[in-house]
Amino acid sequence: MARIPLIGHADQMAMFRRALQRGRTAHAYLLVGSDGIGKRQFARVVAQCLFCRETDDAELAACGECSACKQVAAGSHPDLLTAGCPEGKKELPIEVMVGSRERRGREGLCHDLSLRPMSATRRIAIIDDADKMNEASANALLKTLEEPPEGSILFLLTPSRDAILATIQSRCQPIQFAPLSADQVATLLVEQELETDEAAAKEVAALSEGSLTTARQLLEPGLRKLREALYAGLSEKDFNSLRTLKSVSEALDNLGGDPAAQRQNARWLVKFAVEFYRGVLVASLEDRIPLHPQMLALARMLPDDQPQYTDRLMAMMERCFEAERHLDQSMSIELSLEGLFDDLGRLWRGAVVV
Ligand SMILES: [Zn+2]
């Protein structure tokens, strides 16, 4: 069975189906929403449904068995064109749209889209990273949007509408995509065998902000080690802030990366801390099982008759939010984290931090 699975986005699918039934599909759609929530998957599913040899277009369904369905699933259907930012590049260059200078207009996505379909009744193009088009590539694409080949459908993927030139926007019908729910991300992680342990999948999903891309990053060994080092320190009843800072700093160093990546990893560290304290609070106040066993272990160590621990945990979360702001305001990573752990240690011991 080669039917492409789609989790979530049922409303968007229903809207597209209605448009097909009324014969009112647009030539170009702007799929708007953060990375890793399923915009590309949505476009691929639509392509599979429209190319399927066993179903009518208006059903917006795919049999998953015919040759067309199999080709779309395998990424080899001759009428499904894809383009995106070349690996390691920050812009989507004009060559991708209309070919190199020597072969301008004789290759590239716009050229390929104008050719007669090879096996389906139309051609469909998916443009990843549409927000990364520069002026030249956007203008090249605009010509195609102004005179789209008959029956063709273009999907432009972008995290935000603002990143797209107004002239392009005005020729595309926008479809907004919401982040996935944590449960949906967890299901995807297990289904795609990115994480086999269900509890671990849920833990990562809770941090993913509804993005499978983010969840995958969190599963990388370096970030996992960072989280483990932090949780090991935070879950001790005699929380040793200096020792914990040392071990998380080592884990951060091991992650390496350019300054932007380092800052992003430090942000993750702070988010992990917030998630940890949230888990402890949930376990101690609401008696719910938190996502991670170490959160539960610490919650169980807290004496029931001393509600000041709740205040301390809240104050520690607040302090983490402040650290996030420091990192956003480009305070040095070292200083932000030193200040954070210093204060977390004192707050945990019951001191008032001004
Ligand atoms: Zn089929």
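**A walk from a loop to a sheet**

Let's start at Leu60, which lies in the loop between H2 and helix H3 (67-74); helices (H or I, at least four residues) and strands (E, at least two) are DSSP runs, numbered from the N terminus. Residue numbers count from 1 along each chain as its sequence is written. The model is predicted, so local features need pLDDT of at least 70 and side-chain atom pairs count only at pLDDT 80 or more, while totals for chains, interfaces and linings use all residues.

Although Leu60 is not a glycine, its phi is positive, at about 45°. Leu60 is also buried, with 21 other C-beta atoms within 10 Å. Here, buried means 20 or more other C-beta atoms within 10 Å of the residue's own, exposed means 12 or fewer, and partly exposed is in between, with C-beta atoms placed from the backbone. You will find another positive phi, about 60°, at His9, again not a glycine. His9 sits in the segment before helix H1 (10-21) and is buried, with 23 other C-beta atoms within 10 Å.

H2 and H3 pack at an angle of about 160°, with their axes 8 Å apart; axes are lines fitted to C-alpha atoms, for helices over the stretch in contact, and angles run from 0 to 180 degrees between N-to-C directions. That makes H2 roughly antiparallel to H3, the word for angles over 145 degrees, with under 35 roughly parallel, 65 to 115 roughly perpendicular and the rest oblique. On the H2 side, Arg44, Ala47, Gln48 and Phe51 make the contact, meeting Ala68, Cys69, Val72 and Ala73 of H3; a contact means C-beta atoms, placed from the backbone, within 7 Å.

Next comes the sheet. What is the order of its strands? The 5 strands of this open, parallel sheet run E2-E3-E4-E1-E5, where two strands pair if DSSP finds at least two bridges between them. Strand E2 (80-83) and strand E5 (173-176) each have a single partner strand, so one side of each is left without a neighbour in the sheet. On average, neighbouring strands are turned by 20° against each other, direction ignored. E2 pairs with strand E3 (residues 124-127) over 4 bridges in the parallel sense, and Leu80 stands opposite Ile124 in E3.

Helix H2 (residues 39-51) brings us back: it lies across strand E1 (28-32), E2, E3 and strand E4 (153-158), running at about 175° to E3.

Definitions and conventions:
Two residues are in contact if their C-beta atoms, placed from the backbone, lie within 7 Å.
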